[in-house]
Amino acid sequence: MITITTPDALAAFCDRAAKAPYVTVDTEFLRERTYYSKLCLVQLAIPGDAEEDAVLVDPLAKGMSLDPLYTLLADRNVVKVFHAARQDLEIFYIEGGVIPEPLFDTQVAAMVCGFGEQVGYETLVRKIAKAQLDKSSRFTDWSRRPLTDAQKTYALADVTHLRVIYEYLEAELAKSGRREWVEEELAVLTDPETYIVRPEEAWMRVKTRTNSGRFLAVVRELARFREDFAQSRNIPRSRVMKDDALLELASSRPASLQDLSRSRLLLRDARKGEIAEGILEAVRLGMEVPAEKQPKPDRSRDKLQVNPALADLLRVLLKAKSEKLGVAQKLIATASELDEIAAGQRDGAALKGWRKKAFGDDALRLCDGKLALRANGQSVDVFEV
């Protein structure tokens with residue numbers, strides 16, 4: 001097993017990879033104690049059976065630079081193959097300012113090719129590569145050096161078997177004519193906006209059932225402070241305060257350190273110092289937001305007049321279409337999207353792009369009474385009325 005520890009050695013491999021049709025990529029990282037992922041290892045492989053065709057890259061080695069890798073990732077002549085790419089892409093975007101293109105995600109492709117929803121890499125290795133993975137090193141500390149032989153073997157397997165999986169799925173997509181389906185799905189992954197976290201928008205990820213504008217204004221300021229503080233110190237959000245503590249503070253609205261000390265859910269370290277000061281300032285700012293500038297809760301779904309019987313029929317149609325096409329249901333349409341269609345909305349994702357052809361057109365015809373469903377043994381037939 002070859003481990004690259006110098007920029008020159010990495011550049012030499014990347015020069016070879018630039019002449020290959022594709023390169024498989026994976027990473028090992030830690031994120032338990034930091035806001036941003038700490039990249040600990042990069043695995044790369046190109047077509048071939050030689051030892052030098054699959055390598056480990058140690059970004060923690062002294063004097064190491066990943067610039068040659070970033071150049072390769074930006075090379076549009078080489079397909080970059082990942083499995084469940086989102087976290088890997090976030091790391092490369094944050095650390096190197098690059099998003100790999102062209103991109104191929106075997107998890108997305110497998111969903112299009114009938115392997116179920118969010119199929120795991122181990123399953124694809126077993127079903128396509130006809131091999132077994134040793135997962136014993138999965139949760140080891142990848143930042144410790146030296147790496148064990150078991151860790152290296154485990155890490156390398158994440159890109160060597162990926163070559164077989166990619167070639168199989170690419171061939172299946174070519175036969176079915178569904179390559180464009182996968183490309184539509186990957187558009188979100190290749191959009192830089194996917195990896196940008198704006199503190200002023202952090203409150204939208206906090207789940208709350210309260211529609212009070214004042215309450216949401218305090219939630220917004222607390223979430224903004226938490227995000228800013230966590231990013232600037234590179235610590236997890238939960239080290240500042242967890243969501244349940246944030247909601248408690250938005251409700252109790254402490255105005256002093258004494259008020260803050262009464263919180264049941266706030267961490268001890270957050271009751272003093274910079275975090276405590278930040279919390280009190282955030283609450284004050286939230287309380288001062290005028291009514292017209294307070295956040296407005298998303299009530300769009302509350303207004304939906306969903307026909308429950310039609311929604312049930314759409315679910316049956318989705319199941320029938322999913323089975324016929326061999327595509328995971330969740331990839332075609334979500335439950336909320338079906339409810340929107342049943343409520344008369346016509347601008348959802350299930351009615352656009354490849355989904356419209358695969359499901360959306362027939363869904364609308366079902367809504368219009370032009371299509372019907374009929375049980376046929378263990379399956380469902382779709383027929384014209």
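Please bear in mind that the model before you is predicted.

To place these parts in the chain: the domain assignment lists domain 1 as 2-195, domain 2 as 199-293 and domain 3 as 308-384. Twelve residues of domain 1 and eleven residues of domain 3 take part in the contact. The centres of domain 1 and domain 3, computed over C-alpha atoms, lie 34 Å apart.

Let me turn to the polar side of this interface. Seven residue pairs are in polar contact between domain 1 and domain 3, counting pairs with both residues at pLDDT 80 or more. One salt bridge is found across the interface. Arg355 and Glu185 also deserve a look, as their side chains form a salt bridge with an N to O distance of 2.8 Å. On the side of domain 1 that touches domain 3, helix H4 (106-112) and helix H7 (179-189) supply at least two residues each. That side comprises five nonpolar, three polar and four charged residues.

I come now to the loop that joins helix H12 (273-288) to helix H13 (308-325), where Leu304 is located. Is Leu304 buried or exposed? Its relative accessibility is 14%, which is under the 20% cut-off, and therefore Leu304 counts as buried. Beyond its neighbours within four places in sequence, Leu304 is in contact with Glu340, Ala343 and Gln345. By contrast, 55 Å separate the C-alpha atoms of Leu304 and Gly48, which are 256 residues apart along the chain.

Notes:
Residues are numbered from 1 along each chain as its sequence is written. This is a predicted model: local features need pLDDT of at least 70, side-chain atom pairs count only at pLDDT 80 or more; totals for chains, interfaces and linings use all residues. Side-chain values use heavy atoms; hydrogens and water are left out. Domain bounds come from an automatic or database domain assignment. Contact means heavy atoms within 4.5 Å. A salt bridge is a side-chain nitrogen of Lys or Arg within 4 Å of a carboxyl oxygen of Asp or Glu. A polar contact is a pair of N or O atoms within 3.5 Å; within protein, one must be able to donate a hydrogen and the other to accept it, and residues adjacent in sequence count only if both atoms are side-chain atoms. Helices (H or I, at least four residues) and strands (E, at least two) are DSSP runs, numbered from the N terminus. Ala, Val, Leu, Ile, Met, Phe, Trp, Tyr, Cys and Pro count as nonpolar, Asp, Glu, Lys and Arg as charged, and the others, Gly among them, as polar. Buried means under 20% relative accessible area, exposed over 50%, partly exposed in between (1.4 Å probe, protein chains only).
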